[in-house]
Amino acid sequence: MLCTRLTNARFLTMDPDHPVAHDLGIWRGRIVGLDEAVTSLPAHEVIDLQGATVLPGFIDAHVHLAWTGFKEKTPSIAGRTGIDEVLAVVEEAVTRKGSPGAWVSIAGYDQRALGRHLTAAELDTVSHGHKVFMLHDSGHGCVVNTAVLDLLPAGTPHDSGFLAEGAMGAARALRLPYSQEELAQAIGRAARTCLAEGVTACAEAGIGGTLFGHSPVELGAYQLASEKGLLPLRVQLMVSADRLRAVAAHEADGIPRALDLGLRTGFGGDRLSVGALKIYTDGGMMARTAALGSPYEGLDHSGQLQDDPDVLADTIVDGHLAGWQLAVHAIGDRAADVALDALERAQRLRPRPGARHRVEHAGLIRPDQLPRFARLGVSAVVQPNFLRYFGDDYAAIMGEERAPWLYRGRAFLDHGITLVGSSDRPVTDGSPLRAIQFMVERASESGRLIGPDEVITVDEALRAYTVAGAFACHWEDSLGSLTPGKLADLVVLGDDPRRIDMSRIGDIEVVTTYVDGRESGKSAS
């Protein structure tokens with residue numbers, strides 16, 4: 001007997017051997033058959049989906065769950081366009097924080113809305129003895145007041161209180177880590193938001209590190225969230241490369257650096273597992289720290305690498321030698337050169353054709369870099385919603401020649417490069433459907449077309465969030481398509497994205513989601 005049979009629906013399976021179905025059978029959390037193979041079988045529960053469209057659950061291959069959960073509960077200046085307005089929000093948050101000298105966190109900072117960066121001196125006027133930490137929306141910078149600057153190591157670079165990249169990491173290091181309980185609650189909040197948008201599996205893009213980590217024991221917080229029932233979807237954890245340390249392994253292993261016990265990609269189960277090693281090579285476009293081959297349009301600099309190129313390359317090579325899948329953050333084309341050079345060297349030293357290394361963001365990729373991606377078998381994990389919401393700004397700072405190279409779609413596919421969809425939430429909106437809409441129309445919110453030659457089809461965009469996401473996370477045997485034998489993770493939609501006008505795809509209702517064959521919010525029968 002089936003546990004569940006879902007009927008009267010249009011199942012878009014993403015499986016070329018059986019692309020569309022009307023019935024789907026589930027037994028013990030797995031798909032056991034489609035259509036005639038299950039239609040006549042008895043089932044404990046039969047659910048009539050009343051003509052809805054059903055897809056494999058969306059896979060978001062690059063998210064920040066803890067950051068998302070904390071941001072939801074942090075005072076925010078998002079939407080404020082005046083310095084006085086911003087300072088009023090800060091002062092209100094400081095007033096609520098009763099403890100003298102306490103840290104006060106503020107979210108939603110983006111200098112573009114204000115026309116310039118805030119300064120430490122301005123924050124001092126409303127700090128009242130507290131330490132103020134205002135995180136940039138990109139995650140690649142922050143503004144702090146003088147009370148924080150006074151605590152930083154001598155020589156830490158800053159621009160009147162704005163700290164970027166490693167300097168921001170120095171400010172973060174001053175704070176006590178969050179407790180595992182606090183982290184678990186934040187992770188749970190973010191996971192529920194993902195599930196409501198049709199995401200049933202995701203890859204957490206870097207735990208435990210200086211830039212985006214929240215605790216040196218952050219992995220334990222995810223275990224705690226799972227044990228407490230706060231993790232309603234599947235999560236794969238990327239580990240920040242700065243957690244690697246030199247090890248005296250057997251010389252035959254050829255492992256110069258590793259996590260304790262030799263932990264690497266693949267450890268864990270189907271609900272919580274360890275994925276790629278996360279390596280940062282540059283910053284972000286919002287903060288103007290992505291490393292470009294030539295200066296930003298209208299600015300006198302071209303961003304920055306996170307470290308000396310040789311140091312970055314050695315980390316990439318060491319991670320490869322230790323057996324990790326690598327997720328290399330590279331937004332600018334100069335950063336992509338560093339990543340590709342190092343990956344090529346790593347594969348030459350120890351060929352691992354099945355490693356499935358990834359470049360996270362691949363925000364600005366020159367035409368000459370595309371064949372190198374293909375030759376190395378590197379996936380491009382892009383964030384289409386960056387251009388949906390920030391495209392006008394990004395196109396302006398890249399200029400006419402480079403704007404068409406931003407967050408490519410068609411060029412990756414035409415070169416045989418795996419194109420993977422993701423959000424980088426909470427940097428911007430996390431909805432897969434809105435991202436899919438951008439991928440097929442390439443229009444920013446203002447209607448500006450950005451790289452119109454990079455348009456892809458709806459089917460190709462859906463693959464980026466299902467089949468390709470599963471491939472990038474080594475989940476293809478269990479997720480990504482509605483194929484018998486795979487886990488029963490599904491998203492039920494109010495309309496078929498392939499049958500409506502592309503301008504409406506982002507507004508399709510997510511009716512419900514199923515994980516392990518159970519509807520979200522319902523316990524096992």
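In this predicted model, valine 143 stands opposite phenylalanine 162 in strand E12. Strand E12 covers residues 162-164 and runs antiparallel to E11, to which 3 bridges join it.

On E11 (residues 141-144), both faces are covered. Gly141 and Val143 lie on one side, Cys142 and Val144 on the other, and all four of these residues are buried. In a regular strand the side chains alternate between the two faces of the sheet.

E11 also pairs with E10, again through 3 bridges and in an antiparallel arrangement. Here phenylalanine 133 has valine 144 of E11 as its bridge partner. E10 and E11 form a hairpin with 4 residues between them, and glycine 139 in the turn has a positive phi of about 80°.

| Strand joined to E11 | Bridges | Direction |
|---|---|---|
| E10 | 3 bridges | antiparallel |
| E12 (residues 162-164) | 3 bridges | antiparallel |

Strand E10 (131-136) is also among the elements that give two or more residues to the lining of the largest pocket. This pocket has a volume of about 1000 Å³. Its lining consists of 38 residues, and those nearest the centre are Ser105, Arg175, Leu176, Tyr178 and His214. Helices that give two or more residues to the lining are H2 (65-72), H3 (83-96), H7 (166-172) and H8 (180-196). By class, the lining of the largest pocket has 19 nonpolar, 10 polar and 9 charged residues.

Conventions: Residues are numbered from 1 along each chain as its sequence is written. This is a predicted model: local features need pLDDT of at least 70, side-chain atom pairs count only at pLDDT 80 or more; totals for chains, interfaces and linings use all residues. Side-chain values use heavy atoms; hydrogens and water are left out. On a 1 Å grid over the protein atoms alone, a cavity is a set of points where a 1.4 Å probe fits but cannot get out, and a pocket is an open set with protein on both sides within 12 Å along at least five of seven lines; lining residues have an atom within 4 Å of a point. Grid points are joined across faces, edges and corners, and a volume is the space filled by probe spheres set on the points. Ala, Val, Leu, Ile, Met, Phe, Trp, Tyr, Cys and Pro count as nonpolar, Asp, Glu, Lys and Arg as charged, and the others, Gly among them, as polar. Buried means under 20% relative accessible area, exposed over 50%, partly exposed in between (1.4 Å probe, protein chains only). Two strands pair if DSSP finds at least two bridges between them.
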